[in-house]
Amino acid sequence: MASHNDKRVHIATFGCQMNAYDSERMAGMMAHMGYTPVQNPDQADLIVLNTCSVRRRAEEKVYSYVGELKRLKREKPWLIIGVGGCVAQQEGYSLLRRLPHLDFVFGPDAVTSLPELVTQALQGKRQARTQLGPPPGPAGIIVPADPGLRAMVTVMTGCDNFCSYCVVPYVRGRERSRPAGEILDEVAALVAAGVREITLLGQNVNSYHDPDGGLDFAGLLARVNDVEGLWRIRFTTSHPKDLGQGLIDALAGLDKVMEQMHLPAQSGSNRLLKAMNRGYTREQYLEQVRRLREKVPQVALGSDIIVGFPGETQKDFEQSLSLLSEVRYDFLYSFKYSDRPFTKAGRLEGKLDEDTKGSRLVQLQALQRAIGLEEHQAQAGRVEELLVEGPAKHGQGLMSGRSRAGRVVNFPGPPELAGRLVMVRVTQGRENSLAGELLPATGEYTA
Ligand code: 5AD
Ligand code: SF4
């Protein structure tokens, strides 16, 4: 058994950026308890899974991962295994009943209870903690020891929208905004630890409302924009029905707020948008895009599209295709509809077979690849500001960074540029990235 000073934790993260953020906080709390993080679960004394249940596939992945851990527990009976995140919230105590090798289960609102759950598990207590609502103690600010250049900060949790396909309101609970003061303190602490780019996270950032001072999201952005030493701000996700002029103006006017927006449409068919309970029509969505581009012409737009929602006809699907052609997104995440527990769509008639959903997804993705490539090729010749992250994944002597719009640009340059802002000229657009050349006069350009 590992000695007291040599405890190791493996945190396996599934799902969205919210979970990635929570996992960072879990790692920070476990470091305080003397646990060193390890990449390989075989080496761990504690394994924590941070799970996702937004689509069926994501949930299945969790179960197969948990199943494999049975063998490890047999070999190392002292191993503690905890399951957190949305599957934990959805299934609660029944996970402990079904999976005897699990030690504890905790929902997204019980993240700060992790140290206590681990301590009690070491004493043999098996439990599930899945109350939704603010955690009993202060949420606190947990900054990783070496956070890198980019970090996330949650501004709000939960969702009140009840899109008919979505499990999030059930597993993450009602919308709750964090106090602006706490968010700003966290941003400042991250910047002090070397972070230069912050992504503000919420299921629906547009309905952020400071519980202490009444600041809305645009107001919060203005305050974060004032944090000294911070260079770049991104945020996600915006709900199209709530995208107000204040946020568009903030995007246009605040220098540190990057020209990028994730504005999930979900479908291009009015009939399906209604069945999905999205709260806007195709025309209203397009009007939002027009307003946004009018003020911020260079904005890179992202979207999520679900194919094969119950009752989706070929005509409905074609309207999603035509939406892609009309908007010409820079980033697209597309999914096959899957039934989720508790949801209204799960009880609808007209479910589509897997083959139809699969072939629609392939068509949609092929169209987006073609649009994405054309959009990237159209970037050639443009001058872009990059935050250099490090050596490119492929290609010798190449460095990689992100433009203000969030596009990956690879360019020949020295490794010393990592962590700096540089200017490049785009030379070529590829499917997933851009190629560029460093502008000589800006070799010294740092913020
Ligand atoms: N089936 C397929 N995709 C879904 N999403 C949410 N719920 C489902 C579901 N039941 C997608 C939506 C959402 C993204 C995070 O996941 O597009 O924006
Ligand atoms: Fe789910 Fe809709 Fe809320 Fe997004 S806005 S988390 S899709 S219910």
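**Around an aromatic cluster**

Modeller: Let's start with Phe 162, which sits in the loop between β8 (156-157) and α6. Helices (H or I, at least four residues) and strands (E, at least two) are DSSP runs, numbered from the N terminus. This is a predicted model: local features need pLDDT of at least 70, side-chain atom pairs count only at pLDDT 80 or more, while totals for chains, interfaces and linings use all residues. Residues are numbered from 1 along each chain as written, chains are lettered from A and ligands numbered from 1 in the order written, and side-chain values use heavy atoms, without hydrogens and water.

Colleague: What is phi of Phe 162 near?

Modeller: Near 50°, a positive value in a residue other than glycine.

Colleague: How many aromatic pairs does a search of the whole structure find?

Modeller: Eight. Rings of Phe, Tyr and Trp (its six-membered ring) pair if their centres lie within 6.5 Å; planes under 30 degrees apart are stacked, over 60 edge-to-face, and the rest tilted. Phe 162 and Tyr 170 make an edge-to-face pair, with 5.5 Å between centres and 75° between planes.

Colleague: Which kind of pair do Tyr 170 and Phe 342 make?

Modeller: Their planes are at 40° and their centres 5.5 Å apart, so that pair is tilted. It links distant parts of the chain, 172 residues apart: Tyr 170 is in helix α6 (residues 168-171), and Phe 342 is in the loop between β14 (331-336) and α13 (354-377). Phe 162, Tyr 170 and Phe 342 form one aromatic cluster.

Colleague: How exposed are Tyr 170 and Phe 342?

Modeller: Tyr 170 is partly exposed at 33%. Phe 342 is partly exposed too, at 44%.

Colleague: Switching topic. Where is the place of Asn 277?

Modeller: In the loop between α10 (270-275) and α11 (282-295). Asn 277 has a positive phi of about 60°, although it is not a glycine. Asn 277 is partly exposed, at 42% relative accessibility.

Colleague: What about the peptide bond from Thr 236 to Thr 237?

Modeller: That one is cis, with omega near 5°. Thr 237 lies in the loop between β11 (232-236) and α9 (245-253).

Colleague: Prolines next. What is Pro 211 in contact with, leaving aside neighbours within four places in sequence?

Modeller: Ser 177, Arg 178 and Pro 179. Contact means heavy atoms within 4.5 Å. Pro 211 sits in the loop between β10 (197-201) and α8 (217-225). Its C-alpha is 8.6 Å from that of Arg 176, 35 residues apart along the chain.

Colleague: And where does Pro 37 lie?

Modeller: In strand β2 (residues 35-37). Pro 37 is exposed, at 62% relative accessible area.

Colleague: Zooming out. How many helices and strands in the protein chain?

Modeller: 13 helices and 19 strands. The radius of gyration is 23 Å, close to the 22 Å that the globule rule gives for 447 residues, so the chain is as compact as a globular protein of that length. The radius is taken over C-alpha atoms, and the rule is 2.2 Å times the number of residues to the power 0.38.

Colleague: What share of the 447 residues is buried?

Modeller: 53%. Of the contacts with a separation of 6 or more, 72% come from residues 24 or more positions apart.

Notes
Buried means under 20% relative accessible area, exposed over 50%, partly exposed in between (1.4 Å probe, protein chains only).
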